[in-house]
Amino acid sequence: MGFFLETVFGGLMAGMLYALVALGFVLIFKASGVFNFSQGAMVLFAALAMARFAEWFPRWLGFESLLLANVLAMAAAAACLVVVAWLVERLALRGLVNQPAITLLMATLGISYFLDGAGQLLFGSATYKIDVGLPKDPLFVLEDTFPGGLLLNKEDLYAAVIAAALVALLSLFFQKTRTGRALRAVADDHQAAQSIGIPLSRIWVIVWSVGGLVALVAGIIWGSKLGVQYSISLVALKAFPVVILGGLTSVPGAIVGGLIIGVGEKLSEIYLGPRVGGGIENWFAYVLALGFLLVRPQGLFGDKIIDRV
Amino acid sequence: MFYRENGQFKASYRADLALFPIAQDRVAILALALVAFVAVPLLASDYTFRAVLIPFLVLSLAALGLNVLVGYCGQISLGTGAFMAVGAYAAYNLQVRIEGMPLLLSLIGGGLAATVCGVIFGLPSLRIRGLYLAVATLAAQFFIDWFTNRVPWVTNNSSSGSVSVGTLQLFGLPLETPAQRYLLCLSLVVVCGILTKNLVRGAIGREWMAMRDMDVAAAVIGIRPVHAKLSAFAVSSFIVGVAGALWGFVHLGAWEPAAFGIDKSFQLLFMIIIGGLGSIAGAFFGAAFIVLLPLLLNHVPHWLGLPLSTAAASHLEHMIFGALIVFFLIVEPHGLARLWSTARQKLRLWPFPH
């Protein structure tokens, strides 16, 4: 029982991280109708920028403090992502208004190639470390209930808390601020939003920037866990089943979907994996999502699809 | 002036149904076939065959198959690489396990295995649509990647997971030179191209297109969604499977599962979008673009005399590739095939204004 719970907790925390990446997809899809394949490349770009700036700033400015270096690097990386968002809107999205979804999807694939190349060209393509002071020691809880207690990874716990805080912050931003309302209006209906004077292009820059910042947070957390290298962009592939499971248009869906996938993946790997030869986590999430979709084609929380002729 | 159809009357049903109704087109296509079948094998170098012509032909075959599914039936698939893998591994197993199996039969067997897989993974398309379906087809990609990696039977228990094909024989003749291999690919591409063209302009092609344009309306006028969608998956996967088998047998010779990874799926989707969705010529244009562009980009720094490290050059190549894709999508979202047909319209009058 203890082991089972440990697995579930591990899954929940991994799921929180998937949800974080998935959130970037959902935000951008809601506001601009673009299924953003480049989210993974954005995570890589952000993590690379963060890692290298944290390395470069102390050298350039001649100080030692790790905290200052991290704060400066985070600001610089965020600035980079805002520039990327602006360029994407200016150079790519603006020219592709009213194109079918598949064309937009391909365009983001092009963007993702570009960002992969640009990030590694600017910041180098070796493996880098991000050290933002997340504790790495294990934590034992509930030692009275179970013999030996439950082993939790403190780093995962912090990451899950950060992710949850970010989600709460984003919901506040969407519900309470003027910009957030404008974003929701655009998500609802592009033309109607435009007709009441909401500038579409600025909204897109904002939402891609927010997507970029979410990617930065995801990049920092994944980067400090696994190190920053090319394979970090593959995290996005883990987030696809999460978004379609939760529904492309739903923020809570991304969270719940992430948790379901996280737990499902861990449990399947432990209990089902050994029987079929292991390594099934790569596709299990997809098959799980597929199973859900067969029952609810629009995902758990997605907008209902209504067919009209 | 040279491309006018004035005076060419269609006097019979046969003439009306011809593949190339305009005489100039027939001449051009015959000339092209003559060049491809006779002149190229005589003139091209071994390097051109290996690096350009064979990959181009095999990938355009795969793109042709994918175009049936995405361009004509409107079902987005990101699992093409997996169906290529199924074709390749099935053909390999037929070749290895059955003594004296003819090459053509194992290629077709690979195609049939891919068809079965395609229909199974096409079943969700009856419920799921659009982007949801696109992501769902990734399930096929990852599952088959895993399957070919983890099930030793598939690779004939090879310890490294990679498989290699011995000498190829066609009707008792060994296929040794690149030119012979090229001719095999070319013949298969021509046969599949003509068959596909006839399928898409027949009743079943019209069903696919109706499904693509609006599936509910199509169902209302009596087109069976199950039949239309699954037949598109079947035909598409068959062609993709044959292309996969060719890719493994003729182009690579020896391969490991990574050869049919998700990158291949994206690459093929790029081809048909840049080439033109829902057009036979588009598959060829797109394949040419995607095969030639990296070769070209490889040489550009060299020509300009820029001293670039290999890593930097490959990153730069990625960037230019991505930027060009976005550029092409903005300039001509309907693909190179549309540019081609616009050019033909212009040619009918050129050089006169009316």
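Here is a short chat about helix packing and a chain contact in a predicted model.

Visitor: Hi! How do H5(B) and H10(B) cross, and at roughly what angle?
Guide: Hello! In this predicted model, helix H5 (residues 103-122) and helix H10 (residues 225-252) of chain B cross at roughly 140°, and their axes come within 7 Å. That angle makes H5(B) oblique to H10(B), because only angles over 145 would count as roughly antiparallel.

Visitor: Left-handed or right-handed?
Guide: The crossing of H5(B) and H10(B) is right-handed.

Visitor: And what does their contact have, by class?
Guide: The contact of H5(B) with H10(B) has 14 nonpolar, nine polar and one charged residues.

Visitor: Okay, on to H12(B) and H14(B). At what angle do they pack?
Guide: Helix H12 (residues 280-304) and helix H14 (residues 336-349) of chain B pack at about 115°, and their axes are 8 Å apart. Their crossing is right-handed.

Visitor: Which residues make that contact?
Guide: H12(B) brings B:Ala281, B:Gly282, B:Phe285, B:Gly286 and B:Phe289, while H14(B) brings B:Leu336, B:Ala337 and B:Trp340. By class, the contact of H12(B) with H14(B) has six nonpolar, two polar and no charged residues.

Visitor: Switching topic: how many residues does the contact take from chain B and from chain A?
Guide: There are 38 residues from chain B and 38 residues from chain A.

Visitor: Which helix of chain B gives the most to that side?
Guide: H13(B), with 13 residues. Helices H6 (130-150), H9 (215-220), H11 (262-275) and H13 (310-331) of chain B each supply at least two residues.

Visitor: How does that side divide by class?
Guide: The side of chain B that touches chain A has 31 nonpolar, four polar and three charged residues.

Notes. Residues are numbered from 1 along each chain as its sequence is written. Chains are lettered from A and ligands numbered from 1 in the order in which they are written. This is a predicted model: local features need pLDDT of at least 70, side-chain atom pairs count only at pLDDT 80 or more; totals for chains, interfaces and linings use all residues. Axes are lines fitted to C-alpha atoms, for helices over the stretch in contact, and angles run from 0 to 180 degrees between N-to-C directions. Helices (H or I, at least four residues) and strands (E, at least two) are DSSP runs, numbered from the N terminus. Angles under 35 degrees count as roughly parallel, over 145 as roughly antiparallel, 65 to 115 as roughly perpendicular and the rest as oblique. A crossing is left-handed if the near helix is turned anticlockwise from the far one by less than a right angle, and right-handed if clockwise. Ala, Val, Leu, Ile, Met, Phe, Trp, Tyr, Cys and Pro count as nonpolar, Asp, Glu, Lys and Arg as charged, and the others, Gly among them, as polar. Two residues are in contact if their C-beta atoms, placed from the backbone, lie within 7 Å.
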